[in-house]
Amino acid sequence: MLTLSYEYRLEPSQQQIDIIEQTLDVCRSVWNFALRERKDWINSRKCPVNACSLVQEYIMSPDEPYPSYKRQAKALTEAKKTNPRLKAINAQVIQQVLRTLDRAFSDMKSRGFGFPRFKNKYRMRSYVIPQLGKETVKGNQVKLPQLGWVKFRKSREIPEGFVIKQARVIRKASGYFVMLSLQLDVDVPQPFPHGHPRGLDLGFDKFVATSDGLEVKRPRFLKSLQRKLKLLQRRLKNKKKGSNNRHKLNRKIARVHQRISDARKDWHFKLAHQLCDGAGMIFVEDINFISWQRGMLSKHAADAGFGQFVNILQWVCWKRDVYFGKVNKDGTSQECSQCGAHTGKKTLNVRVHHCPECQYIAPRDVVAAEVIRNRGLTQARVSRALESRPEGLSAVGTPVDIKRCDLSAGFPRRAQAHLKNACGDGLTGVDLRIDLVKSLKQESPTIATLGA
Ligand SMILES: [Zn+2]
């Protein structure tokens, strides 16, 4: 199953905007109510029976069952009979809110996420429509439950053969958007190691350095608009809390932030495509970028958006049939890429690598990228040996004769699958800019690199 998310800007009428806002408002009430229920239950079970607090204790009957998704959904159906506000909204939309809350609780346990929060009216920004009618898009209009036909800016065509499964209506600082989940019933295998290997070293000094010697400077997205942001934020303290003027100013600030984040994402996509050019394999370090954002350079780390970049890169690699691998990050800057000698810790101001063993001299980040490439190749060889691919395609990093390639083997079959449809993955939240024609054009050079 292939899932893509396409985002479009909606152009709703005033009446439709009112309905969207009302839906968001009801979703928010349901979220807060359901969260309160769960929180109360948890609070009442907090203390052991022999160690009650001296001051106060939350009391709830011991046989009161936990308000699970199933129970809450049932209670919602009951409440709908008497509550006209709930009745006015699409049933599936509200049910989806309970499901999201349920997932937030399970993510907290399994993935260490934070405790779900209550939402004020600015925090409820989107709702999901889990099921859509048969004919959803006609020209530049999309049919959504309750809203009817809504105009949208068709910035790109929906690829042929895809079925629209879900829609999410989003309110952003810059307007209203709809995110459509498109699905196609087809199986596209993962790319496997082939062609030219490339290691990437991400860092603060250079955003990225490649093992081929390319160094890309870190763009300062925030810096260019920071003056403006600062000016607006300074005005904020003169505005009374909860006033209309404060709200207006806050929206202005949000729009600036939106602009920064749009520019950053665009740049990430362009760089990812550039890095995929002429590569068959891409390796990066296995870094936890969240810890970077807590350190001294936190502002710069957040501004660069390394985590988002790696996600986008992974996606672009997948789309362009480039193998993507993560390697162990330990000591990549302390090793010589040519002879493997340990060169010791370098402080940040040492920008050039000079190996005392083999006299290799090169920029420090490039050497680190080369080390990452070497590690990735070793890793890919091991995984390849385990999978034991058909002969002729199994030699990593060595030239492969395209004429000898068995057409039924993994790679060509994958390419054929590409030709039939676009390619993609359910990377929700990331704007997936796919140009069908472009992706078809890109297939040919990738095949060519096999022979090169
Ligand atoms: Zn050396």
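Predicted model: local features only at pLDDT ≥ 70, side-chain atom pairs only at ≥ 80, totals over all residues.
Local features need pLDDT of at least 70, side-chain atom pairs count only at pLDDT 80 or more, and totals for chains, interfaces and linings use all residues. Residues are numbered from 1 along each chain as its sequence is written.

**Stop one: two helices.** Select residues 14-44, helix 1, and residues 91-111, helix 4 (helices, H or I with at least four residues, and strands, E with at least two, are DSSP runs numbered from the N terminus). They pack at about 40 degrees, axes 9 Å apart (axes are lines fitted to C-alpha atoms, for helices over the stretch in contact; angles run from 0 to 180 degrees between N-to-C directions). Now show the side chains where they touch: helix 1 brings residues including Val-26, Trp-31 and Arg-38, and helix 4 brings Leu-98 and Phe-105 among them (contact means C-beta atoms, placed from the backbone, within 7 Å).

Next, find the open sheet of 5 strands, ordered 10-9-8-11-12 with mixed pairing (strands pair if DSSP finds at least two bridges between them). Strand 10 (215-217) and strand 12 (323-327) are the edges; each has a single partner strand, so one side of each lacks a neighbour in the sheet. On average, neighbouring strands are turned by 20 degrees against each other, direction ignored.

Zoom in on residues 197-202, strand 8, and 206-210, strand 9: they run antiparallel, joined by 3 bridges. Click Asp-201 to find its bridge partner in strand 9, Ala-209.

**Last stop: a helix across the sheet.** Select residues 306-319: this is helix 9, lying across strands 8, 11 and 12, at about 145 degrees to strand 12.

Notes: Contact = placed C-beta atoms within 7 Å.
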